[in-house]
Amino acid sequence: MKNENLYKYILGIADNSLILGQRMGELCGHGPSLETDIACTNISLDLFGQVRSFYQYAAKIAGDGKTEDDIAMLRKEREYVNVLLVEQPNTNFAYSIGRQFLFDVYHLLFLKELEKSKDLTLSAIATKSIKEVSYHQRFSSDWIKRLGDGTNESHQKIQSAIDDLWTYTDELFHQTGADKAMVKEGIGVNVTTLKDKYYHLVKNVLVESTLKTPESKYFQKGGKQGIHTEHLGYLLAELQYMQRAYPNMEW
Amino acid sequence: MSEEQIKNLEEQFEARIARDEKIEPKDWMPEKYRQTHIRQISQHAHSEVVGMLPEGNWITRAPSLRRKVALLAKIQDEAGHGLYLYSACETLGVSRDELYDQLHSGKAKYSSIFNYPTITWADMGAIGWLVDGAAIINQVPLCNTSFGPYARAMVRVCKEESFHQRQGYEIMIKLANGTPEQKDMAQDALNRWWWPSLMMLGPTDAESIHTEQSMKWKLKRKSNDDLRQQFIDQTVPQAHLIGLTIPDPDLKWNEEKGSYDFGPIDWDEFWQVVKGHGPCNKERMKARVEAWEEGEWVRDAAMAYAEKQKERKEKQAV
């Protein structure tokens, strides 16, 4: 492939939204209130919309006849390069919101930089997505505050979720080979430069929510290299079910 | 108020409805009118919300990204319908929590169609095409019903439902024109959803207990049997167009009547499902009750937080 780094770079962005969108989609009809149900479905919808733009572009770059659906649904588990954070399960509402919040803060910072990309398609998708992700971040931050500064029970639940999910945050700022190549060309975002700002923003919300910022220095990584947690396989089994069971058909 | 005064008010009220005036929440209304509307509007709202479950069952497994996005958007619409129907109901002096209570305790009903399982992807097509199709036939006349908030909600609901119906039919077209396996999947879904969709339009006129009063209040403008005939006449040609067969050996065009004759509906099955013994009644209720109970701590947190924010603001003001 001529533009292999660009192709890989796009998947690195889009896989996060694909897997997180799938997780949020699982909640549909099961939310704690009709309003949160609608909001979570909406976030899922936004993320899949972004995924489609990215994969359509990736398919064009690859130029091998593969479609957005082939890319989304017909890779093997080791070929998905999303960060471990987004594949974590919906253990309870605190985990869903904690995961969303920890990703949203990164996502918005990332997209604001991607908007400056020399690659006009990526820049345009970023511009469109910023509007949506700003809303996601507002939604998840508001809920972190409600849960953190709500009741004793909610405080404990969201604190445990943040503590558990914290170990997956550092990976957001790891650079892959494709990342480095794209940064060099003025196309990609240097994620290492987002790290301080990220932890600063996250901490501000946690403090306002009367929550402790975890101090653990031990972090998990591997998603960007396709080495995932055990949760991903099951998620993919559902995501890919139709394409695997009924190959080469149009829907 | 004396009996005579009440009678006078009732006469004025009926005259307003006869003149096609809208009744608004703060207007005087007979208690029976209020109760009937709470029952029907909440039943409608519950149907939207429970209806999210059979379709939500396929979000994670939709066959393409395009279909996944469309399905998510559709279910989100249904949730939105639930939201403004509950709001319309609240204008009659009942809270959403009370209405949920009625649903969870089994006191309130929702559309029985959602007690059938969605076992293949084609069911997403069949639900959009048939179930939303039948819903539109039921609901379009309600855009002119006498109670203002309900009538206005129905205008928006019907617009969106008509979009859903086209979307469902489009899924069926694609399957019917696909591989033999896909076509079988579409036919199988039609076979399973056809009769429940006919039942969705309600018991035969002879068995329908609410019809007469509801007609007077424009909560109902056509009888169940008329609506069912309209649905059949509209849907059969759509099935033929895409090469699918309606699973009714007695279905026949009646030239004289200008409509289709159709075979007997299994009303025993209908009543079995209505009374709570359909294939998924228990699962649907369990899912709703679980979501509500497991969400309690979240709702409590939101209330406690709002309370604290209010106190802080008040302190600042002092």
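Student: What radius of gyration does chain B have, and what would a compact globule with 318 residues have?
Tutor: In this predicted model, chain B has a radius of gyration of 22 Å, which agrees with the value near 20 Å that a compact globule with 318 residues would have.

Student: And what box do the C-alpha atoms fill?
Tutor: Taken along the principal axes, the box filled by the C-alpha atoms of chain B is roughly 75 × 50 × 30 Å.

Student: How much of chain B is buried?
Tutor: Of the 318 residues in chain B, 54% are buried, and among the contacts in chain B with a separation of 6 or more, 76% are accounted for by residues 24 or more positions apart.

Student: Switching topic, how many helices and strands are there in chain B?
Tutor: The secondary structure of chain B comes to 13 helices and two strands.

Student: Take α4(B) and α6(B), then: at what angle do their axes cross?
Tutor: The axes of helix α4 of chain B, residues 65-90, and helix α6 of chain B, residues 122-139, cross at roughly 40° and come within 12 Å, and the two helices are therefore oblique to each other.

Student: Is that crossing left-handed or right-handed?
Tutor: The crossing of α4(B) and α6(B) is left-handed.

Student: Which residues make the contact?
Tutor: On α4(B) the contact is made by L71(B), K74(B) and E78(B), while α6(B) contributes M124(B), I127(B), G128(B) and D132(B).

Student: How do those residues divide into nonpolar, polar and charged?
Tutor: The residues of the contact of α4(B) with α6(B) comprise three nonpolar, one polar and three charged.

Methods:
Residues are numbered from 1 along each chain as its sequence is written. Chains are lettered from A and ligands numbered from 1 in the order in which they are written. This is a predicted model: local features need pLDDT of at least 70, side-chain atom pairs count only at pLDDT 80 or more; totals for chains, interfaces and linings use all residues. Side-chain values use heavy atoms; hydrogens and water are left out. Axes are lines fitted to C-alpha atoms, for helices over the stretch in contact, and angles run from 0 to 180 degrees between N-to-C directions. Helices (H or I, at least four residues) and strands (E, at least two) are DSSP runs, numbered from the N terminus. Angles under 35 degrees count as roughly parallel, over 145 as roughly antiparallel, 65 to 115 as roughly perpendicular and the rest as oblique. A crossing is left-handed if the near helix is turned anticlockwise from the far one by less than a right angle, and right-handed if clockwise. Contact means heavy atoms within 4.5 Å. Ala, Val, Leu, Ile, Met, Phe, Trp, Tyr, Cys and Pro count as nonpolar, Asp, Glu, Lys and Arg as charged, and the others, Gly among them, as polar. The radius of gyration is taken over C-alpha atoms; the globule rule is 2.2 Å times the number of residues to the power 0.38. Buried means under 20% relative accessible area, exposed over 50%, partly exposed in between (1.4 Å probe, protein chains only).
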